[in-house]
Amino acid sequence: MRVATIAVHTFKESVRQKVLYNLVAFALLLIGAAILFGSISVGVERIILITLGLTSISVFGLLIAIFIGIDLVSKEIERRTIYNILSKPVSRPEFILGKYLGLLLTLLVNTAVMTAGFYGALFYQKHALGLGDLVFLGAAYFILLQLAIVVGIALVFSCISTPVLSAVYTFCLYVIGNFTPDLRAFGQEAHNALLGTVSDILYYLLPNFGNFNVINQVAHAQKIPGYLWLGNSLYALLYIAILLGIAVLVFEEREFR
Amino acid sequence: MIMLALETIDLTKEYRLGFWRNRVKRALDRLNLRVEAGEVFGLLGPNGAGKTSTLKLLFRLIFPTSGSARILGKQLDDISVRCRVAYLPENPSFYEHLSAQEFLNYVASLFGLSVAERRRLGELLDQLGLFASRNVPLRRFSKGMIQRLGIAQALINDPDVLFLDEPMSGLDPLGRREVREVILRLKERQKTVFFSTHILADAETLCDRVAVLHHGRLQGCGELNTILCLGVSTTEFLLERPSAEVITELATYASSVIRTGERVRLEIPEESNIQGALEIILRRRTKLISVNPVKRSLEDYFLQKVGASDASQETASAYDWS
Amino acid sequence: MTSSCTPLPRPRLRRRLCGLLLLLCLLALIPIQRSIDLRTGSDRGEAEVLFLPSGKFLRPLCLGYEGLFAEIYWTRVVQYFGRKRLANSTEFKLLGPLLQITTDLDPHLLIAYHFGSIFLAEKPPRGAGQPLEALALLHRGIVANPDYWRLWEDVGFIYYWDLKDYAAAARAFQTGSERPGAMQWMRVMAAKVAAQGGQLATSRFLWSEIARQAGNEQIRKNAEDHLIALEAAEQMTKLGELIALYNSRQGRPARSLQALVVAGYLRALPRDPSGAPYILDAGGRVRLNPRSSVDLNLLQ
């Protein structure tokens, strides 16, 4: 119950931040522009709209996740509003969980708005929406899973470091997480047993964002493979649990001087 | 069995400073306090004495290096006790985007208060003079208003024990009086109030017992009545435009002579000398404004405990003559 | 997480439990990731290559780090190819596009041209069987690296080995020999190929060159396999001549190679370069032992 209270409060606080509106507006703008790009080259209008549209949702979602994620805990500490909350019958894990859920809610709403804009653009282009267009909800769901992980990463860093550094680290992890198969390949190609093992460990440790990227498939009207639904959901769930666990462990030791 | 509202046992807090974390600073050194239920207890000391550290330790914002403490008989990591106590930090800050009402509602929901109980919130705001500004976002609150809101949020759960860190800071005399009233009302309802301050006058008027902290160590602890009766009392004479000869004659009796404008204040330590001084004054037809026994004040006690050399630096700024 | 009435268990124990739980979750990630990897199949990262119009499209997105991305794609080329070979696949759909992107991102990545020329041209299951694509790749490489003579060597080699166009091969070797740093034998090769295309010694020499300065394991192994095949072919030809001689001298066809040993034509039972003994089939022709690892199809 207290977790829900903190979550709702966090949601309301995030939603009031102006940067959110700017980013969402930008995303919608880009989606609108995608229609324009498509009309330039014949035959690929739909593909370009879908690719650009979903990529915008992903990229801006990432920016939103980072921007509001890094402030999550560090702002409370910096403004010392946290003294108040922690002196109430709220345990530190409850606080962290509530913060995370509030942020997740914010992301959900934002992604939903951007996805709605995307469907609007699709409708505008084709003047109709078919059952086959439901597949984009799947792509959006996977993007949301990705963002949930990113926000978790931002939360962990927010407990350790300053907002700026948190943003940098989170972004770096996101980029690396997209190239984990290549990282592993590098390690294997090196023909060095130690390097190979290290790169293997890193492959399983780092978040594999590549799993969630189905934009190319849906753009070319391919179906999202069935096993990905369960696999990705489980992966995201586990990874988020790990991140929250780390955040809680770190936060419990934190002193507020 | 008298329940102790607060009991600390050798509570110690050390900070590790320096790049290599090799320097140790003792913010609190084996603090032993016992606060009984229903009393108003003042924790006094200059800035940096360890008052805020003590309160933060009690609410697990920082963790003790050694020692322990109990609030209402429960250990510090027992969150359940937080339902019955309240904390107001020094220079509090609250969520700027919320209004006063929204903020109190938020805190109330953290306590799990029902809707019926939340109706009290309006009264609470009214009690502290904030009812008119209940829908104003907190970023537009003045320091005094924030302080009063802090008191309000501390009272939401009708706590048995209140821990206030510098509750009067930032308040004008009117605000201070309001807070004083609040504390006295709480005392009437047999609540315990534990507050830290460096404003001695407030402690004098409110506290049953005080403890003096300096450099993290307890310098002394006791009932205010006892402290105030301690020591030799002097008598204060206030004269208007005394002649120089009068001053010279009285100077033999007086321990201090201070001239402020047209008035001269004399302190005559020995009771036996009062008669002689009065005779001199009357003989010379000097205008006598007042004669007052000067009780040993908290200031004196404070100064003596803390040490005059230290005090001159810090308490000069800490003195509040209002 | 805790109800407001129960105190928390001792902090250290709780921390340890938490840490243990985290570790378990981490370990649980591994099988999930594995199963995703398995089902997605190996072409996961690479399939998107098919959707990219060209590598030039990718350049601006690299934000100046084309070199790094070229390395990434190059690694993907090698991994992709290795996987396909391990699975004994016969089609290498993505090899061309991957190489195209790699060289678009870094036109000076010479190993990519070299690798591509060999394995694009090689017939399946050894390669993609697309010699013309290979030539196109090499020509782009030459445009970007006009002074690098080895690309001409690769061009000449494809004309020689895969297309059997000896005139064109000779021209390529000639042009290459005029580039700075070209080895002497390029000139010699030009002449030889023009005159006696198809000669065993010529082929042998070229494959040895490739094996000698192979830039990576796959190239070297491939070249060695070819050399072994060539050697076996040569041995089989010589054996055939010996058998013919034996047959004409003895008046009847040899029943087995053992007979030649007994008759003193051979010192011992001949073995192919992989160590397996040659056998004589029913028609009196020399054949590879079924257990031999020599692959004569390479010479097709």
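The structure is a predicted model, in which local features need pLDDT of at least 70 and side-chain atom pairs count only at pLDDT 80 or more, while totals for chains, interfaces and linings use all residues. Residues are numbered from 1 along each chain as its sequence is written, chains are lettered from A and ligands numbered from 1 in the order in which they are written, and side-chain values use heavy atoms, with hydrogens and water left out.

Two surface patches were examined. Patches consist of residues with over 30% relative accessible area and no salt bridge, like charges being joined within 9 Å and nonpolar side chains (Val, Leu, Ile, Met, Phe, Trp, Tyr) within 5 Å. Accessible areas were computed by the Shrake-Rupley method with a 1.4 Å probe, and for residues only the protein chains shown count as cover. A nonpolar patch of about 640 Å² is made by A:Ile176, A:Leu183, A:Phe186, A:Leu194, A:Val198, A:Ile201, A:Leu202 and A:Leu205. Two or more residues of this patch come from each of helix H8 (180-189) and helix H9 (193-205) of chain A; helices (H or I, at least four residues) and strands (E, at least two) are DSSP runs numbered from the N terminus. Helix H9 of chain A gives the most to the nonpolar patch, with five residues. A:Ile201 belongs to helix H9 of chain A and counts as exposed, at 51% relative accessibility. The burial classes are buried (under 20% relative accessible area), exposed (over 50%) and partly exposed (in between), with a 1.4 Å probe and protein chains only.

The positive surface patch is formed by A:Lys12, A:Arg16, A:Lys18, A:Arg79, B:Arg139 and B:Arg140. Lys and Arg count as positive and Asp and Glu as negative, whereas His and the chain ends are not counted. The place of a charge is taken as NZ of Lys, CZ of Arg, CG of Asp or CD of Glu. B:Arg139 counts as exposed because its relative accessibility is 52%.

Chain B is divided into domain 1 (4-229) and domain 2 (233-294), with bounds that come from an automatic or database domain assignment. The C-alpha centres of domain 1 and domain 2 of chain B lie 43 Å apart.

Over all chains, 39 salt bridges are found, a salt bridge being a side-chain nitrogen of Lys or Arg within 4 Å of a carboxyl oxygen of Asp or Glu. In chain B, the side chains of B:Arg26 and B:Asp29 meet in a salt bridge at 2.5 Å, N to O. B:Arg26 is partly exposed, with a relative accessible area of 38%, whereas B:Asp29 is buried at 7% relative accessibility. Both residues are part of a network of salt bridges that links B:Glu14, B:Arg26, B:Asp29, B:Arg30 and B:Arg217.

A further salt bridge joins B:Asp202 and B:Arg176 (4.0 Å, N to O). B:Asp202 lies in helix H7 (residues 200-206) of chain B and B:Arg176 in helix H6 (residues 173-188) of chain B, so this pair ties together parts that are 26 residues apart in sequence. Both B:Asp202 and B:Arg176 are buried.

In chain C, C:Glu217 forms a salt bridge with C:Arg220, with the closest N and O atoms 2.6 Å apart. The two residues are three residues apart in helix H12 (residues 217-250) of chain C, and C:Glu217 and C:Arg220 are therefore separated by about one helical turn. C:Glu217 is partly exposed, with a relative accessible area of 47%, and C:Arg220 is partly exposed at 28%.

Elsewhere in chain C, C:Leu257 is found in helix H13 (residues 257-262) and is buried, with a relative accessible area of 3%. C:Leu257 and C:Pro277 are 20 residues apart in sequence, and their C-alpha atoms are 9.6 Å apart in space.

Backbone geometry was also considered. Most residues other than glycine have a negative phi, and most peptide bonds are trans. The peptide bond from C:Pro124 to C:Pro125 is cis, with omega near 5°, and C:Pro125 is found in the loop between helix H6 (110-121) and helix H7 (131-144) of chain C. B:Arg30, a residue other than glycine, has a positive phi near 45° and is placed in strand S2 (residues 23-36) of chain B. B:His215, which is not a glycine, has a positive phi of about 55°. B:His215 lies in the loop between strand S9 (209-214) and strand S10 (217-223) of chain B and is exposed, with a relative accessible area of 53%.
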